[in-house]
Amino acid sequence: MASAALLAAGCSTENKAEGTEYGTLKVSCTADGSIDAASDDTSRMPAAPSVPQTGDFTLTVTGESGTQKWDTLAEFEQSDAVFRMGTYTVSVAHGDPDAEGIDKPYYAAEKSVEVPRRAATVEMTATIANSQTVVRATEQFLNYFHDAQFTVTTASGNQFDFTPGSTPADEPVFVKSATTLKVTGTARRQSQTGTDEGPKVTFSEQTLEATSPRTCHIFTFDAKDAGSVTLTVTLSDDYTETRQIDCEVNEGAIDDTK
């Protein structure tokens, strides 16, 4: 729990003595690191991201007279400032909203508050404001294919590689909210002769148009029967999409489904 008295733009601590048109603002902030990641296998659920200390959140207060920012809520605990009476927007944040990668959560919260003559208190819960993604494969897929490699490319141009079935399992990566994800990949089918690696196939590119905040976007590849591959896109209990995936046998390889 962190609290702070904040100075509005154009005000000074000398105004506090007047006590007629100014009040103080106390901010209490907590963090919620939960991610919406629906799965019928709880052992495969993404681990909860790191939760920042409440005193480490940045604070922004915007009113009619302008915007004030502090690097941390902890700095506000040391101030004895006042605000002119009125309505303000209070925002807290932690992390970089544009950063993408493992363990890069971005937390944010925003509230409107009315500052009276004396004191106002605002309680906030900062939640994950960016997104996560991970590529997985079912046991059936791994029984039929081997050496599978998938790449997720974001609209920012960042690429993240996933190897389903690897030990330890791939961790979900954080990506920007409202970004486009493109999934590409290759794998080898089982050898029919036992003397080669098996034909290499390339899976058709799949696109997710926009990621959702506080959500892990799980791409699960499956192969329920020989020569047939499906992709299940799981965003939440309310959204699951299954797509049929085209498999292109690389030139020079032997297609074992013929």
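H217 is buried, with a relative accessible area of 0%; buried means under 20% relative accessible area, exposed over 50%, and partly exposed in between, with a 1.4 Å probe and protein chains only. This residue belongs to strand β14. Strands are DSSP runs of E with at least two residues, helices are runs of H or I with at least four, and both are numbered from the N terminus. The side chain of H217 reaches the backbone oxygen of T215 at 3.4 Å. A polar contact is a pair of N or O atoms within 3.5 Å; within protein, one must be able to donate a hydrogen and the other to accept it, and residues adjacent in sequence count only if both atoms are side-chain atoms.

The model is predicted: local features need pLDDT of at least 70 and side-chain atom pairs count only at pLDDT 80 or more, while totals for chains, interfaces and linings use all residues. Residues are numbered from 1 along each chain as its sequence is written, and side-chain values use heavy atoms, with hydrogens and water left out.

**The sheet**

An open sheet is built from seven strands, in the order β3-β2-β5-β6-β7-β1-β4, with mixed pairing. Its edge strands are β3 (66-70) and β4 (83-84), each of which pairs on one side only. Two strands pair if DSSP finds at least two bridges between them. Strands of a sheet pair through backbone hydrogen bonds, either parallel or antiparallel.

Strand β2 (residues 58-63) pairs with β3 in the antiparallel sense over five bridges, and a hairpin of two residues joins β2 to β3. Within this pairing, L59 has W70 in β3 as its bridge partner. Strand β2 also pairs with β5, in the antiparallel sense and over five bridges. There, T62 stands opposite T89 in β5.

**Aromatic pairs and the core**

W70 also takes part in an aromatic pair. The whole structure holds 12 aromatic pairs. In one of them, the ring centres of W70 and F76 are 4.0 Å apart and the planes stand at 50°, so the pair is tilted. Rings of Phe, Tyr and Trp (its six-membered ring) pair if their centres lie within 6.5 Å; planes under 30 degrees apart count as stacked, over 60 as edge-to-face and the rest as tilted. Both W70 and F76 are buried.

F141 and F150 form a tilted pair, at 6.3 Å centre to centre and 45° between the planes. Both F141 and F150 are buried.

The largest nonpolar core has 53 residues, and L25, V90, F141, F145, F203 and F221 touch the most other members. A nonpolar core is a set of buried Ala, Val, Leu, Ile, Met, Phe, Trp, Tyr and Cys residues joined through side-chain atoms within 4.5 Å. Leaving aside neighbours within four places in sequence, F145 is in contact with residues including R188, F203 and V229. Contact means heavy atoms within 4.5 Å.

**V175**

V175 lies in strand β11 and is buried, at 0% relative accessibility. V175 and N130 are 45 residues apart in sequence, yet their C-alpha atoms are 6.4 Å apart in space. Not counting residues up to four places away in sequence, V175 touches N130, E100, F160 and T211, among others.

**Salt bridges**

Side chains of opposite charge can pair when their charged atoms come close. The structure contains six salt bridges, where a salt bridge is a side-chain nitrogen of Lys or Arg within 4 Å of a carboxyl oxygen of Asp or Glu.

| Pair | Closest N and O distance |
|---|---|
| R214 and D32 | 2.6 Å |
| K176 and D98 | 3.6 Å |

The salt bridge of R214 and D32 has an N to O distance of 2.6 Å. This pair links distant parts of the chain: R214 is in the loop between β13 (200-208) and β14 (216-225), D32 is in strand β1 (residues 22-32), and they are 182 residues apart. R214 is partly exposed, at 29%, and D32 is partly exposed, at 27% relative accessibility.

K176 forms its salt bridge with D98. K176 lies in the loop between β11 (173-175) and β12 (181-189) and D98 in the loop between β5 (86-94) and β6 (107-115), so the pair ties together parts that are 78 residues apart in sequence. K176 is partly exposed, with a relative accessible area of 24%.
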